[in-house]
Amino acid sequence: MKLVHVRDVSADASTPKHQDHSVRFRHLLRGEEGTRENFLLSLVYQRQFRSPHHKQNFDQFRYALKGNFNLGPGETIKEGELVYQPEGVPYGPQHDEEGDRVLLVLQFGGSSGQGYLSIKQQLEASRELSKSGRFEGGQFYRSGKEDEPQEALEAMWEVHHQRQLVYPLGRYKKPVIMIPDNFAWQSVKSSDDSDQESDEGEEKTCGAYRKTLGAFSERETVAEMIKIESGGRGRIAAHNGTQLCFVVKGEGKVNGQHWEEQAAIKLQPHESAYLYTDTALEILHFILPTLQ
């Protein structure tokens, strides 16, 4: 298990040139560069933002921690909402005016197996592209072809892989916006007393609750919320894919280590975690797809 606290992560100054200068990042957890299952979990601090109508060849989740975010004309991610943006599915143009916003962003290789370029790979590609053009507003403009802009990450992918990017077919018609507050919490029965019942004939619980927000594509990428009440305990079962958890509210212990609001953990395949709190704890939990 890898545990990281946001207070120990400095803002990343090495931002690829296609990003708006009014956006800052704290990169919490990363996957393995060069693999189909690479990922990046980041906190994004955004004042204003613009991007063109475009699509990506990787999957994304975005959770609005503070403030509302524009996803496209007439589409807004409100504070506390989660959006799943599948590979090959267009969205935008995005336009956020001046404000104070914080977004949790998870980008990862999708079901097609095209993977996800690391920040290092994006930086290398952007430096190479800058020799023959400029980045502006999420697009790359080649010198002499100013009227034919290319989506910035698409241009980077093609420079890195030295071939044309062929986007995967969209598995959904549009991004999926989830409203976690409208999902009901489901009690989780304690694994220690699975065969026991209380005096009233009801199953014993351990102060843990779960709400599944969705399982996406044939690879069954999962997003869910976990809540542990004061004095409660819970367990994140081992899985054959990488699991990521982010503390939305509260504090407690994970595998005996203290963690608090905006801390995050990465569980490797087949690794589990035990949760406990003497106050309260609310977690956003992702299970990433297995692509090997």
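Arginine 7 is exposed, with a relative accessible area of 54%, where exposed means over 50%, buried means under 20%, and partly exposed covers what lies in between, for a 1.4 Å probe and protein chains only. The side chain of arginine 7 meets that of glutamate 260 in a salt bridge with an N to O distance of 2.2 Å, a salt bridge being a side-chain nitrogen of Lys or Arg within 4 Å of a carboxyl oxygen of Asp or Glu. Arginine 7 sits in the loop between strand 1 (2-4) and strand 2, while glutamate 260 belongs to strand 20 (residues 257-260), so the pair ties together parts that are 253 residues apart in sequence. Glutamate 260 itself is partly exposed, at a relative accessible area of 24%.

Before I go on, please keep in mind that this is a predicted model, in which local features need pLDDT of at least 70 and side-chain atom pairs count only at pLDDT 80 or more, whereas totals for chains, interfaces and linings use all residues. Residues are numbered from 1 along each chain as its sequence is written, and side-chain values use heavy atoms, with hydrogens and water left out.

How many salt bridges does a search of the whole structure find? That search finds 9, and I will discuss some of them here. Aspartate 100 forms one with lysine 66, the closest N and O atoms being 2.8 Å apart. Because aspartate 100 lies in the loop between strand 9 (94-96) and strand 10, and lysine 66 in strand 5, this pair ties together parts that are 34 residues apart in sequence. Both partners count as partly exposed, aspartate 100 at 46% relative accessibility and lysine 66 at 39%.

Arginine 171 and glutamate 87 form another salt bridge, with their closest N and O atoms 3.3 Å apart. Here arginine 171 is in the loop between helix 2 (152-161) and strand 14, and glutamate 87 in the loop between strand 8 (82-85) and strand 9, so the parts tied together are 84 residues apart in sequence. Arginine 171 is partly exposed at 37% relative accessibility, whereas glutamate 87 is buried, with a relative accessible area of 2%. Glu87 and Arg171 are also linked with Glu218 in a network of salt bridges.

What lies 3.0 Å from a polar atom of the side chain of lysine 211? It is the backbone oxygen of phenylalanine 183. Leaving aside residues up to four places away in sequence, lysine 211 touches several residues, including Asp181, Phe183, Trp185 and Glu224, where contact means heavy atoms within 4.5 Å.

Let me turn to the sheets. Six strands, in the order 2-3-10-5-8-14, form an open sheet with antiparallel pairing; helices (H or I, at least four residues) and strands (E, at least two) are DSSP runs, numbered from the N terminus, and two strands pair if DSSP finds at least two bridges between them. Strand 2 (23-30) and strand 14 (176-178) stand at the edges with a single partner strand each, so one side of each is left without a neighbour in the sheet. Within this sheet, 7 bridges join strand 5 (residues 59-66) to strand 10 (residues 101-108), and glutamine 60 has glutamine 107 as its bridge partner in strand 10.

A further open sheet has 3 strands in the order 11-12-13, again with antiparallel pairing. Strand 11 is joined to strand 12 (residues 139-142) by 4 bridges, and the bridge partner of phenylalanine 135 in strand 12 is phenylalanine 140. Helix 1 (residues 119-130) lies across strand 11 and strand 12, running at about 125° to strand 11, whereas helix 2 lies across strand 11, strand 12 and strand 13, at about 80° to strand 13; axes are lines fitted to C-alpha atoms, for helices over the stretch in contact, and angles run from 0 to 180 degrees between N-to-C directions.

I close with the backbone. Most residues other than glycine have a negative phi, and most peptide bonds are trans. The peptide bond from glycine 92 to proline 93, however, is cis, with omega near 0°. Serine 217 has a positive phi of about 65° and is buried at 16% relative accessibility, while glutamate 220, with phi near 55°, is exposed at a relative accessible area of 57%.

Notes: Polar contact = N/O pair within 3.5 Å; in protein donor to acceptor, adjacent residues only side chain to side chain.
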